Amino acid sequence: MILLFFIPALPLLASVLILTMLRKDGQKSAVAGVIATAFTLALLPFLFGKNVSSSVPWLQLNHYQLTIGLSLDMLSFIFISVISIVSLFVQIYAIGYMKEETGKIRFFSIFSFFIGSMMLLVLANSFLLLFVAWEAVSVASFLLISFYLTREESKRAALTAFIMIRVADVALFVAWLLVLLQTGTTNIPTFLNAVATGQFASGMLIVITVFFVIGALGKSAQLPFSSWLPGAMVAPTPVSALLHSATMVVAGVYLLLRLFPLFTAVPVASQIILWIGLVTALVGAIIATGQMHMKRVLAWSTISQIGEMILAIGSGSIIAAMFHFITQAFFKSTLFLTAGSIDKAAGTLELEKLKGFGRALPILAIPFLLSTLALAGIPPFSGFFSEEAILASVAKNTPALILFLITLFLAGLYIGRVATAVFLSKPTHKFNNASLPFFMTYPTLILSFGAADIGLVLKPILLLLLPSQNETLSLLLRLISVGTSISGLAIGFIYVKFFGLKNPLGRVQQIVERVVLGVPNITVQAVQSIGTLLVNLEQLFDDLVRLLVSQTFVLVEKLQPVEVAFDDGALKFATNTFTLSQITDKAENIWFSNPVDTLGNTIMLAGIRLKPLQQGKTYNYLSAILLWTVLILGASAFLLIIISVIR
Amino acid sequence: MILSLTIFLPALTALTLVFLPGKYTNKIRTVALYSSLLTLLGTILLWYGYKVGGPSLQETVSIPWIPSLGARFSIGVDGISLPLIVLTAVLSMLAMLYVKNDTNRAKFHAVLFLVMETGLLGVFAARDLLLFYLFFEIAIVPMYFIIGIWGGENRRYAAMKMFLYTRLGSLLMLIGFLWLYLSMPVPTFSLDAIAAANPLATAGIGGILAALSLLIGFGIKLPFMPFHNWLPDAHVEAPTEGSVLLAGILLKLGGYGLIGILLRILPTATRELGWLILVVAIISLFYGLFAALAQKDLKRLVAYTSVSHMGFVMLGLAVWALATDPSVKQLALNGAVIQMISHGFLTGGMFFLVGMLQHRTGTRLISRFSGLGITAPRFAVLLGLFAFGSLGLPGFSGFIAEFQAIAGAAGVNYLLAVITVISLVIATGLYLWVFARMVLGQGGEETKALKDATGSELIILISLISLSILIGIFPQPLLAVVEQTTKLLANIIR
């Protein structure tokens with residue numbers, strides 16, 4: 001149990017350590033992060049196959065119990081394994097990538113925090129802790145996306161990302177609050193147990209499920225919450241590599257997997273997520289096809305791939321979703337890391353300018369092409385196995401099957417297009433001979449071997465672990481799917497050879513992209529115009545009140561002469577008394593001089609003291625307060641009389 | 001005994017200061033600071049003296065005050081007033097620390113603040129409605145002078161506007177109190193006696209009118225839409241330490257009045273006004289945020305967010321009135337009380353931060369600050385923390401308040417919770433937009449030469465954010481105290 005605690009604690013501790021003790025040394029802080037993740041990874045073998053769980057109360061409100069705790073099962077084990085493996089290599093890569101940047105301490109600290117939060121998210125066994133980690137992941141991504149503080153586009157991207165994710169976050173918030181109200185606890189197993197034994201009113205269960213689903217879809221950048229993810233690519237590339245593969249966007253997939261029993265209880269919900277996943281997969285693939293920026297292609301590809309995972313969950317296949325999560329994590333992180341290397345070497349990621357860049361750094365071709373084959377689903381590379389599993393899960397649903405095959409074809413097309421342009425074309429520009437630091441090349445290479453092989457290795461293991469989920473696929477479908485993948489790749493290759501980088505889907509792609517990106521913009525504009533409207537309303541209010549205030553001032557001014565006359569009288573009286581006292585003093589200085597003198601002086605002093613009050617602000621306030629107090633007393637007396645009469 | 005001493009210590013100090021010549025600015029400031037520090041110690045003693053599991057009302061003192069009217073000087077602390085008393089002491093102390101080196105008419109300034117502190121502490125402790133009213137006035141009147149004398153360019157207008165509004169509020173409040181006073185079989189102002197007798201339970205429209213009068217009276221101070229218009233001007237024109245106390249504590253007079261007084265003495269009528277309160281709460285939640293979104297002046301923006309934050313207090317009251325399950329009611333009331341405390345720390349901190357930036361640059365326009373992240377990283381981090389805290393992220397006190405208020409709303413109807421959390425999304429947009437415009441971006445002209453936070457400024461900001469985080473992570477001690485009283489209020493059945 002104590003081991004489990006260390007899994008999220010190590011990266012989180014590293015984050016704190018970097019901020020507090022290693023503030024001077026960027027390189028050391030990077031290494032600290034790597035070591036923490038490496039230790040986490042080293043703990044994994046001891047946790048394999050274990051089912052442990054612990055929970056402590058955090059807050060007791062009446063009969064509502066809010067607990068926090070960690071638990072480990074097969075699902076979370078797979079997630080922490082993938083997170084720690086991918087993170088480790090990305091962190092090592094980041095040592096090289098961030099070498100020249102300023103703000104390294106900030107970067108590595110938040111990066112470790114990001115990893116630790118994600119670990120916490122998948123290990124949490126209470127909705128409360130899950131929600132905390134969920135928000136922490138959002139905050140970490142916000143800070144990482146806005147890493148380049150001075151860039152205008154990173155500001156916008158970070159804002160959009162966080163606000164859109166926040167919509168999902170609050171949906172999850174409502175969902176678990178409803179669970180808390182219904183079950184009296186935030187414990188996830190208790191909730192799932194109650195669902196399985198049918199303790200919920202079906203209406204309430206549907207409501208809860210809907211909110212959980214919105215939360216998961218938003219986090220996973222599914223439609224209509226997609227547009228923040230492509231924007232998020234302004235972050236340093238290691239961040240994108242992690243955000244798109246093992247953390248952040250897959251949090252939604254994790255949540256749906258964790259809450260899978262809900263979908264057995266609410267079949268409608270699984271239909272809904274099946275179709276949302278499918279449409280997102282298709283739309284993401286269509287949009288990816290026309291992008292001119294390498295990271296944008298990859299970003300839309302992620303949206304599409306995550307859509308496939310969601311689709312698998314919707315069609316009831318946990319294993320396909322998990323499997324695809326694993327393979328996607330490897331090939332997508334490899335693709336991003338390669339893109340980062342290209343960016344460092346070539347200074348750009350615009351495909352137009354990268355044509356034939358592969359010649360300048362041929363070593364990058366190995367990871368990129370391996371991952372390309374894996375993404376396209378060519379056997380025996382990893383993506384083939386996981387996509388085959390997804391195919392099996394939708395095999396009986398013909399419309400979904402057709403749309404899925406189109407997605408598969410488009411995946412080959414968009415990634416084939418990029419691979420051909422960058423690695424298989426003749427250079428149109430002159431590239432300087434570039435070299436990459438050791439730390440950037442080797443992690444990418446190792447990850448790419450994972451991307452290539454992991455499908456083959458994992459398939460039997462997964463089948464062993466979840467035998468019930470084994471669905472066989474007819475030979476015909478198998479052939480069709482392989483044929484689709486290969487033809488997608490091939491057409492991508494041929495298209496680039498003949499037509500260059502021109503958008504293969506033309507207007508269709510443009511329209512789809514415009515719609516997907518436009519919807520959130522319209523929402524933001526609507527919110528802003530409501531704001532403007534309210535400000536005008538407020539102005540109206542202001543004018544009204546201003547009138548009232550100025551009238552009060554007029555009243556006060558009118559009262560002023562009376563007060564002044566009164567003051568003058570007092571002053572005159574004081575002066576006269578003083579004069580009188582002087583005369584008396586002269587006349588009778590022997591008997592009366594001292595006492596009268598003192599009195600006169602005192603009164604005169606009082607008169608002078610009063611003088612400043614008759615001008616200036618203090619006077620106005622005092623008069624106003626006096627006036628209103630009189631009014632209030634009058635009014636209350638009046639009321640008192642009325643009330644007593646009524647009584 | 002400790003309670004009375006704590007309440008009157010600032011006023012006694014003020015009395016002493018009156019006799020000190022005004023030229024000893026430094027000494028005056030020091031005395032005021034130590035006095036507020038001692039007061040804080042007193043409130044901490046009170047906190048430790050308060051026994052969880054004992055009666056809701058503790059540390060009581062009750063002696064005849066105006067026997068002919070049946071008014072008594074009776075004070076005490078319960079689970080709602082105790083946290084507010086501590087909050088008052090903390091913010092007053094920090095305000096005194098903030099103005100430590102300010103020489104502008106220091107004597108009058110210190111006297112006003114100390115008198116106000118006594119008024120505020122007294123309001124929360126008073127168990128007699130007439131005494132409550134008296135302390136209420138003592139707490140509010142110094143604020144007119146603070147705004148009118150030390151305020152910004154448009155101070156005359158702002159002070160007068162606040163004056164008119166709060167006068168109207170006081171008037172309505174007094175009417176309500178007198179109404180209850182006269183409807184008691186044996187006329188008395190005692191809060192607990194009136195609460196026990198619930199004299200207007202069967203008065204029908206009369207009870208509702210009395211409740212409305214108190215609702216608006218307190219609501220002006222809270223403030224809720226449409227009685228909020230005095231707030232932005234008052235906050236913007238007030239000097240920094242004034243805005244902090246205005247937002248941090250004076251607004252809570254309204255919140256405390258609604259939760260601690262109104263629903264105690266007029267439970268039946270308040271319940272009948274439940275839907276009205278709910279509508280007002282939701283409108284305030286959104287109105288404050290939308291109005292804030294359109295602001296260019298940072299201080300004005302923060303002022304408007306107060307309207308929204310206080311909407312959660314109204315929401316708690318509405319859920320109390322509308323829910324049937326006492327445990328849901330209790331959640332909502334907990335949320336409302338914690339929201340008051342949390343808002344005191346977070347918005348108080350925000351106003352301090354704005355004041356420090358304004359003091360350095362002479363401007364509060366958001367657009368003039370950009371790139372704080374590079375030139376003033378400490379300010380940037382603190383601004384980020386206050387912003388993340390204010391938008392209700394877990395780990396900060398705001399979350400503890402909001403999750404309970406929203407859970408309470410969900411207990412009435414889940415759609416209500418959905419409407420409420422939409423406001424959280426808008427709040428996120430608002431605060432992050434501010435953060436992005438100020439912290440990110442190229443350094444603006446104002447930011448380039450900006451000196452980062454130092455010394456006492458850091459102490460002020462860090463202690464406020466730490467208190468918020470402390471409550472956010474370990475809410476149990478505070479909630480245990482709050483629940484002492486909210487449990488009773490949630491179970492009022494008549």
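**Notes on the two-chain model**

1. Across the interface of chain B and chain A there are zero salt bridges, a salt bridge being a side-chain nitrogen of Lys or Arg within 4 Å of a carboxyl oxygen of Asp or Glu. Please keep in mind that this is a predicted model, where local features need pLDDT of at least 70, side-chain atom pairs count only at pLDDT 80 or more, and totals for chains, interfaces and linings use all residues. Residues are numbered from 1 along each chain as its sequence is written, chains are lettered from A and ligands numbered from 1 in the order in which they are written, and side-chain values use heavy atoms, with hydrogens and water left out.

2. The two chains bury about 6500 Å² between them, 77% of it on carbon and sulfur atoms; buried area is the accessible area (1.4 Å probe) that two parts lose on being put together, summed over both. Chain B brings 80 residues to the contact and chain A brings 64 residues, with contact meaning heavy atoms within 4.5 Å.

3. Now the second largest pocket, whose volume is about 1500 Å³. (On a 1 Å grid over the protein atoms alone, a pocket is an open set of points with protein on both sides within 12 Å along at least five of seven lines, a cavity is a set where a 1.4 Å probe fits but cannot get out, and lining residues have an atom within 4 Å of a point.) Of its 47 lining residues, Thr160(A), Ile163(A), Met164(A), Pro520(A) and Val524(A) are the closest to the centre. Helix 6 of chain A gives the most to this lining, 13 residues. The lining divides into 32 nonpolar, eight polar and seven charged residues.

4. Leu59(A) has Leu66(A) as its bridge partner in strand 3. Two residues lie between the strands, and Asn62(A) takes a positive phi near 55°. Helices (H or I, at least four residues) and strands (E, at least two) are DSSP runs numbered from the N terminus.

Note on methods
Pairing = 2+ DSSP bridges. Points joined across faces, edges and corners; volume = space filled by probe spheres on them. Nonpolar A, V, L, I, M, F, W, Y, C, P; charged D, E, K, R; others polar.
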